Amino acid sequence: MISKGGNAVAEHIIELVDISKTYDSTTEVLKTINLYIRKNEFLTLLGPSGCGKTTTLRIIGGFEQPTTGKVLFEGKDITSLPPYKRRVNTVFQKYALFSHLNVEENIAFGLKIKKVDKDTIKEKVRSALKLVNLEGYEKRSVDSLSGGQQQRIAIARALVNEPDVLLLDEPLGALDLKLRQDMQVELKRMQKQLGITFIYVTHDQEEALTMSDTIVVMKDGIIQQIGTPEDIYNEPKNAFVADFIGESNILSGIMKQDFLVEFCNHKFDCVDKGFEINEPVDVVIRPEDIEIFSNDSGKLEGIVESITFKGVHYEMIIKTDSFSFMAHNTNMYPQNSKVTIDVAPENIHIMKKAVN
Amino acid sequence: MKRRFLAYPYFIWMIIFIVVPLILVLFYSLTISTENGFVFTLDNFKTFLQPIYLKVLWRSLSLAGISTLICLILGYPTALILASRQMSKKSFLMFLFVLPMWMNFLLRTYAWLTLLEKNGFINTILSFFGIEPIQLLYNDGAVILGMVYNFLPFMVLPIYSVLKKINHSVIEAAEDLGANQYIVFRKVIFPLSLPGVFSGISMVFMPAVTTFVISRLLGGGQYMLIGNLIERQFTSVYDWHFGSAVSIIMMIIILISMGVMSKYDNQQEGGGLW
């Protein structure tokens with residue numbers, strides 16, 4: 001990633017080099033994490049709970065020390081720097097507002113420590129509140145605010161310090177669906193407007209896909225895949241990523257030759273190559289990529305076992321001789337009816353068997 | 001609400017042993033006995049306004065105040081250490097701290113007598129170094145020592161319970177916003193612990209200002225605090241009317257200080273000892 005006028009190192013605002021973290025000398029939370037974060041990008045650490053995403057964020061924030069490895073900030077080693085000396089600010093999962101202070105005092109907390117003069121503080125608090133759409137809330141007590149409002153105050157409190165990097169630890173986890181979606185859009189807007197690097201932690205794949213420039217999928221303290229939302233969704237590197245990002249049908253298959261895979265006792269054309277002949281592989285097919293026919297133009301025969309209405313589409317379980325496929329389709333095929341299914345070659349994703 | 005009758009036994013208990021005696025005390029304080037029976041008067045309260053009694057009141061308040069301050073100075077750091085996350089031997093330390101409280105209050109105070117006496121433990125040790133025996137007992141210092149020793153846990157425990165409830169992420173948030181350890185304490189931990197401090201202050205100040213056992217044992221027979229004054233009216237002077245009046249005055253002082261405290265402690269938290 002080399003851009004005009006800058007070298008590769010300057011582009012990387014934060015770099016994690018060989019970071020590992022072990023608790024009580026036995027529990028390995030992170031196993032050799034290497035990651036760089038570009039300036040002004042919205043990067044999401046995504047994974048199930050216990051995958052080490054929050055630990056990674058806390059190491060960047062300085063709340064935890066890595067067991068091995070280095071954290072670089074604009075090329076400089078900041079591994080042993082305490083949180084209060086880092087140019088990053090954090091939005092905590094449970095907001096962590098100061099209940100003994102009102103909204104204005106909460107937001108002004110960081111500025112007061114930096115000894116900014118009073119008029120400037122007032123002005124900055126006002127514009128921070130404007131940014132999060134809570135103008136005129138200065139004198140409210142934080143306990144009187146709703147969850148969504150408290151969350152915005154927490155964001156304003158962090159952003160008012162004009163950090164180079166904003167860390168967000170599942171900030172929307174406690175909000176209801178509608179509010180969460182609104183906040184997703186707003187966070188993305190703020191990030192673009194301010195041009196700040198966001199590092200966002202979530203276990204919600206939809207949230208990650210909506211907001212991120214880059215997604216880092218983690219599992220068991222190991223980075224599984226790094227890529228754009230499109231990459232991660234369309235070209236998952238392994239079965240775990242495929243399963244975690246959206247719903248997937250994951251089958252065992254055998255690679256017959258380049259561009260030809262066999263599963264469910266049928267051979268299918270595909271777009272993957274480079275496997276050994278007769279190598280066992282994982283085959284991943286997205287539910288929306290399964291084509292359904294009420295006549296026998298499809299390759300596999302099956303019976304519609306169950307139907308669930310999901311709003312935009314129907315979710316159907318189609319049982320064939322060897323596998324029950326989950327399929328999404330805007331057309332409804334009646335329960336217990338006979339159908340045939342097929343998958344286009346570009347929608348069949350072949351992955352190396354996961355080593356367990 | 002249906003099971004209200006379950007509270008009746010306690011209700012009756014309360015009426016017989018709290019409400020009725022209170023009314024009696026109030027009645028006694030407002031009367032004097034003459035040959036024609038009881039006569040209503042405010043004389044008992046007027047008597048209290050004499051300098052000699054006001055001096056006793058002042059001494060009680062100031063000794064209790066000093067003891068409370070010392071308890072706060074000793075107790076806050078202790079509570080802070082007990083509540084800190086690094087403390088691994090926490091329960092053992094807590095156990096040591098609470099252990100003396102399982103012993104009888106009187107016994108604990110008597111123990112100080114043998115330590116502080118003219119031929120007591122401390123003076124014996126001092127004599128090994130050729131130091132003349134020091135008068136350790138029967139002065140303000142001994143009474144303050146007794147108060148601090150007996151009431152210190154009442155300062156530590158409420159502060160500890162509030163400190164322990166402070167969410168660690170709030171402390172991290174403050175650090176994140178640029179606060180070093182000193183600022184985190186001054187701007188976050190201490191303000192958040194104030195409810196515990198206030199309830200600690202009232203839980204030490206109230207018993208300290210009314211004690212008569214500590215002042216009797218460690219202050220000596222002539223030592224007079226407001227508690228001793230009241231006790232004497234009932235047990236040796238037999239002026240129940242004046243004794244009741246002083247009790248009422250004491251109660252009013254306590255109620256006022258409680259009111260002032262609860263005004264600061266508007267969160268109504270941190271009272272619970274256990």
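User: What is the strand order of the open sheet of five strands in chain A, and in which sense do the strands pair?

Analyst: In this predicted model, the order in the open sheet is β13-β12-β11-β14-β20 of chain A, and the pairing is antiparallel. Strands β13 (266-269) and β20 (349-352) of chain A stand at the edges; each has a single partner strand, so one side of each is left without a neighbour in the sheet. On average, neighbouring strands of this sheet are turned by 45° against each other, direction ignored.

User: Over how many bridges do β14 and β20 of chain A pair?

Analyst: Strand β14(A), residues 279-285, pairs with β20(A) in the antiparallel sense over four bridges. As for individual partners, V283(A) is bridged to I350(A) in β20(A).

User: How are two packed helices described?

Analyst: The description uses the angle between the helix axes and the distance between those axes. In chain B, helix α3 (residues 51-83) and helix α4 (residues 90-98) have axes that come within 9 Å and cross at roughly 145°.

User: Which residues of α3(B) and α4(B) meet?

Analyst: From α3(B), the residues are T78(B), L82(B) and A83(B); from α4(B), they are K90(B), L93(B), M94(B) and F97(B). By class, this contact has five nonpolar residues, one polar and one charged.

User: How many aromatic pairs are found over all chains, and how is the geometry of a pair read?

Analyst: The search of the whole structure finds 23 aromatic pairs. Ring planes over 60 degrees apart count as edge-to-face. The rings of F27(B) and F38(B) have centres 5.6 Å apart and planes at 70°, so this pair is edge-to-face. The pair links distant parts of the chain, with F27(B) in helix α1 (residues 8-29) and F38(B) in strand β2 (residues 37-40) of chain B, 11 residues apart. F27(B) is partly exposed, at a relative accessible area of 29%, and F38(B) is partly exposed at 43%.

User: How are the rings of Y28(B) and W240(B) arranged?

Analyst: Their centres lie 5.7 Å apart with planes at 65°, so this pair is edge-to-face. Y28(B) belongs to helix α1 and W240(B) to helix α12 (residues 240-264) of chain B, 212 residues apart. W240(B) counts as partly exposed, with 40% relative accessibility. One aromatic cluster is formed by F27(B), Y28(B), F38(B), F40(B), F234(B) and W240(B).

User: Over which rings do the charged ends of R140(A) and R59(B) sit?

Analyst: The charged end of R140(A) sits over the ring of Y137(A), 4.4 Å from its centre. That of R59(B) sits over the ring of Y223(B), 4.7 Å from its centre.

Conventions: Residues are numbered from 1 along each chain as its sequence is written. Chains are lettered from A and ligands numbered from 1 in the order in which they are written. This is a predicted model: local features need pLDDT of at least 70, side-chain atom pairs count only at pLDDT 80 or more; totals for chains, interfaces and linings use all residues. Side-chain values use heavy atoms; hydrogens and water are left out. Two strands pair if DSSP finds at least two bridges between them. Helices (H or I, at least four residues) and strands (E, at least two) are DSSP runs, numbered from the N terminus. Axes are lines fitted to C-alpha atoms, for helices over the stretch in contact, and angles run from 0 to 180 degrees between N-to-C directions. Contact means heavy atoms within 4.5 Å. Ala, Val, Leu, Ile, Met, Phe, Trp, Tyr, Cys and Pro count as nonpolar, Asp, Glu, Lys and Arg as charged, and the others, Gly among them, as polar. Rings of Phe, Tyr and Trp (its six-membered ring) pair if their centres lie within 6.5 Å; planes under 30 degrees apart count as stacked, over 60 as edge-to-face and the rest as tilted. Buried means under 20% relative accessible area, exposed over 50%, partly exposed in between (1.4 Å probe, protein chains only). A charge sits over a ring if NZ of Lys or CZ of Arg is within 6 Å of the ring centre and within 35 degrees of the ring normal.
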